[in-house]
Amino acid sequence: MNPIQTVIDLQDVDGRIRELEREAKDLPRRKAQESARLMGVNASLDIAKNQLGAVQQRVKDFEAEAASAKERIRDLKIQQSSAASNKEYQQIAMAIEGLEHEADEAEARAYAMMDEYPRLERAVKEAEEKASGEAGGVDDFCKEIDDRIAEVKAELDQLAVERAEKAKLVNPRTLLYYERLRTKRWPVAVMLNADSVCEGCHLKVPPSTEQMVEHKMELVACTNCGRMLYRDL
Ligand SMILES: [Zn+2]
């Protein structure tokens with residue numbers, strides 16, 4: 001067996017650990033992103049509802065204004081029927097005319113505002129549909145992510161045990177070299193191809209280095225990048 005095989009075995013486990021660690025780091029970020037997106041969807045719904053509510057309130061205000069003018073008109077008409085003089089009668093008639101104008105104007109404004117209803121109601125409906133459609137989707141998505149986080153954690157625990165076992169099989173000096181290099185270079189152990197090119201840095205190594213690799217020496221470092229070289233396991 002090529003003595004570097006123990007390093008390759010360890011590196012395989014480390015490769016899986018690296019992938020899972022990257023995933024573990026990425027999962028909460030994806031969850032946060034989705035939650036933020038849902039918050040945006042809900043905010044859009046609130047805005048649409050508020051806009052509709054504001055217009056409905058203004059319509060009510062105009063209607064109240066018209067109703068109060070009409071009430072005053074009724075009172076004035078009663079007053080007018082018992083007017084003491086023609087002058088008083090005329091004065092009341094003028095006041096009534098003014099109030100009628102006021103009431104008409106308020107009603108016209110209320111109707112004009114009502115024209116906004118269909119558009120605003122449609123916006124609320126659309127935002128509601130989007131929010132309710134998203135809510136379930138995001139809940140499911142978050143649950144999926146939580147499940148995966150737990151899975152990744154369990155896998156990493158298991159791999160830590162496996163890694164310790166594989167590391168025990170590597171020559172201590174080689175292991176030390178590997179451990180130091182793996183934080184800077186990945187993968188640490190790479191093939192030296194038929195053209196004497198290191199598959200890690202893609203540079204050619206000198207013939208003396210290639211010869212050491214050919215002789216299956218356990219720790220042959222690439223003269224450029226320091227990676228451990230091997231050929232024909
Ligand atoms: Zn190299």
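Q: Which helix holds V7, and what makes that stretch a helix?
A: V7 lies in helix α1, residues 5-81; a helix here is a DSSP run of H or I of at least four residues, numbered from the N terminus. The model is predicted: local features need pLDDT of at least 70, side-chain atom pairs count only at pLDDT 80 or more, and totals for chains, interfaces and linings use all residues. Residues are numbered from 1 along each chain as its sequence is written.

Q: Why is V7 called buried?
A: V7 has 25 other C-beta atoms within 10 Å. A residue is buried at 20 or more, exposed at 12 or fewer, and partly exposed in between, with C-beta atoms placed from the backbone. V7 is therefore buried.

Q: Which residues is V7 in contact with, leaving aside its neighbours within four places in sequence?
A: They are V170, T174, Y178, A189 and M228; contact means that the C-beta atoms, placed from the backbone, lie within 7 Å. The C-alpha atoms of V7 and R182 are separated by 12 Å, and these two residues are 175 apart along the chain.

Q: What makes α1 roughly antiparallel to α3?
A: α1 and helix α3 (residues 117-168) pack at about 165 degrees, with axes 8 Å apart. Angles over 145 degrees count as roughly antiparallel, under 35 as roughly parallel, 65 to 115 as roughly perpendicular and the rest as oblique, so α1 is roughly antiparallel to α3.

Q: How is the chain divided into domains?
A: Domain 1 covers 12-169 and domain 2 covers 171-233, with bounds from an automatic or database domain assignment. Their centres, taken over C-alpha atoms, are 62 Å apart.

How values were computed. Helices (H or I, at least four residues) and strands (E, at least two) are DSSP runs, numbered from the N terminus. Two residues are in contact if their C-beta atoms, placed from the backbone, lie within 7 Å. Axes are lines fitted to C-alpha atoms, for helices over the stretch in contact, and angles run from 0 to 180 degrees between N-to-C directions.
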